[in-house]
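Thank you all for coming.

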Amino acid sequence: MPIPRSAALIAVLLSVVTLVSPGGSAAGAPLDRDGDAAEQLRAAANKARKDLLAATKRMEDSRQSIETSQAKLRSTLKSLAEADARFDRIRLPLSRLANASYQQPGVVGSMAVFGAGGDVSALRSTADVDHLADAQKSLIAQATQLQKQRQSLATSAQELQSDNAVAQTKLKQQVDGLKQKSAQLTRQLEGMLRKLDPDKRLELTCDKSLASESTKFPNGLIPDKYLCPLPKKGMMLRADAALAFYKLNAAYKRRFGHKMCITSSYRSLADQHRVYAERPGFAAVPGTSNHGLGQALDLCDGVQNQGSTQFNWLRANAGTYGWFHPSWAYSSPFEPWHWEYGTDSQH
């Protein structure tokens with residue numbers, strides 16, 4: 001069964017099975033206050049993906065079995081048609097034989113040899129009768145065999161048609177059942193997502209494996225689909241940097257009561273050319289910036305002021321989440337607002 005483009009969504013929908021199954025949390029129930037809801041949903045989604053693949057495999061097997069059976073049915077019907085054609089070819093001789101037997105019951109009997117004529121005539125008549133008898137026996141045997149073959153083929157065809165009809169009905173029930181379950185789980189998942197913190201939703205949409213995919217593209221030329229969105233609209237980072245930032249941002253919010261302020265994140269090559277033109281000698285040469293790799297942020301809300309409470313907190317805590325303030329940014333040029341993820345320290 002072909003998997004539609006929405007298969008990934010269905011996999012996520014199926015992920016809530018483990019969360020809404022009997023004995024588990026019902027849809028709409030409060031999510032884990034400790035912030036583990038996203039991880040629970042992610043783990044459930046992985047399990048659901050396997051379940052979906054297994055269900056799809058079963059439906060594919062059913063479909064293949066039906067197709068094999070249909071091919072056998074077509075072959076059987078073809079053989080039945082051929083048997084009918086052969087039977088049609090001997091139908092006229094059989095009809096003549098039946099008519100002759102009806103009109104002259106003794107024409108092929110052994111008494112025919114005792115008719116008028118001499119011994120030579122009698123012997124010739126006997127030979128003719130034997131020849132006719134053999135031909136009749138062969139014709140009748142052929143007709144009997146064809147009748148049995150036709151009956152067997154007709155029975156097989158009928159059984160195949162019946163079995164295929166049942167199998168197709170079951171397959172349709174499987175598909176309809178999945179559609180119904182998908183619709184039900186959609187409603188349940190939407191209810192759960194409405195209760196999920198917006199930043200946690202971002203975590204659900206950010207696949208860490210995208211990080212390695214993004215490295216295949218040149219600096220500043222990474223397509224949006226290989227980056228993950230940040231809480232501020234239009235801002236994006238490489239997947240691993242984004243996932244680390246979500247956690248850093250949550251810690252910052254617990255400390256200061258609001259999210260981190262961002263002025264720049266991933267920067268396209270065109271944007272980097274613009275920034276370089278505005279700050280020649282200070283901004284990184286286009287094609288060399290960590291912004292173009294999706295590993296750098298420019299921050300505000302006090303972080304841009306070295307020595308501020310926000311700056312000092314970030315310098316003390318950012319490393320826990322893989323973020324740091326590069327040494328060059330203290331003096332050459334002086335950019336307290338610039339923070340990077342990982343180990344490479346470029347502008």
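Let me begin with burial: a residue is called buried when its relative accessible area is under 20%, exposed when it is over 50%, and partly exposed in between, with a 1.4 Å probe and protein chains only. By that definition Cys300 is buried, with a relative accessible area of 11%.

Before going further, please keep in mind that this is a predicted model, in which local features need pLDDT of at least 70 and side-chain atom pairs count only at pLDDT 80 or more, while totals for chains, interfaces and linings use all residues. Residues are numbered from 1 along each chain as its sequence is written, and side-chain values use heavy atoms, with hydrogens and water left out.

As for the overall picture, the protein has nine helices and six strands, where helices (H or I, at least four residues) and strands (E, at least two) are DSSP runs numbered from the N terminus. Of the 347 residues in the protein, 35% are buried. If contact means heavy atoms within 4.5 Å, then among the contacts with a separation of 6 or more, 68% are between residues 24 or more positions apart.

Now to the cysteines. How many disulfides does the structure hold? There are two, a disulfide being a pair of cysteine sulfur atoms within 2.5 Å, and with the bonded cysteines numbered in sequence order the pairing reads 1-2, 3-4.

One of these disulfides joins Cys206 to Cys228, with an S to S distance of 2.2 Å. Cys206 sits in the loop between α5 and α6 (210–214) and Cys228 in strand β1 (residues 227–229), so this pair ties together parts that are 22 residues apart in sequence. The link of Cys206 and Cys228 is right-handed, with 90° about the S-S bond. Cys206 is buried at a relative accessible area of 0%, and Cys228 also counts as buried, at 1%.

Cys261 and Cys300 are likewise joined by a disulfide, here with S to S 1.6 Å. Cys261 belongs to the loop between α7 (239–256) and β3 (262–264), and Cys300 to the loop between β4 (296–299) and α9 (309–317), so the parts tied together are 39 residues apart in sequence. This link of Cys261 and Cys300 is left-handed, with -80° about the S-S bond. Cys261 is partly exposed, with a relative accessible area of 28%.

In that loop between β4 and α9 we also find Asp301, which has a positive phi of about 65° although it is not a glycine. Asp301 is partly exposed, at a relative accessible area of 28%.

Which residues of helix α5 (residues 198–205) are buried? They are Asp199, Leu202 and Glu203, and they lie on the same side of α5 because they cover an arc of only 100° around the axis, the arc being that of the directions from the helix axis to the C-beta atoms. In helix α3 (residues 37–103) we find Ser69, which is buried at a relative accessible area of 15%. Leaving aside neighbours within four places in sequence, Ser69 is in contact with Leu160 and Asn164.

Lastly, the peptide bond joining Ser332 and Pro333 is cis, with omega about -10°, and Pro333 lies in the loop between β5 (323–324) and β6 (338–341).
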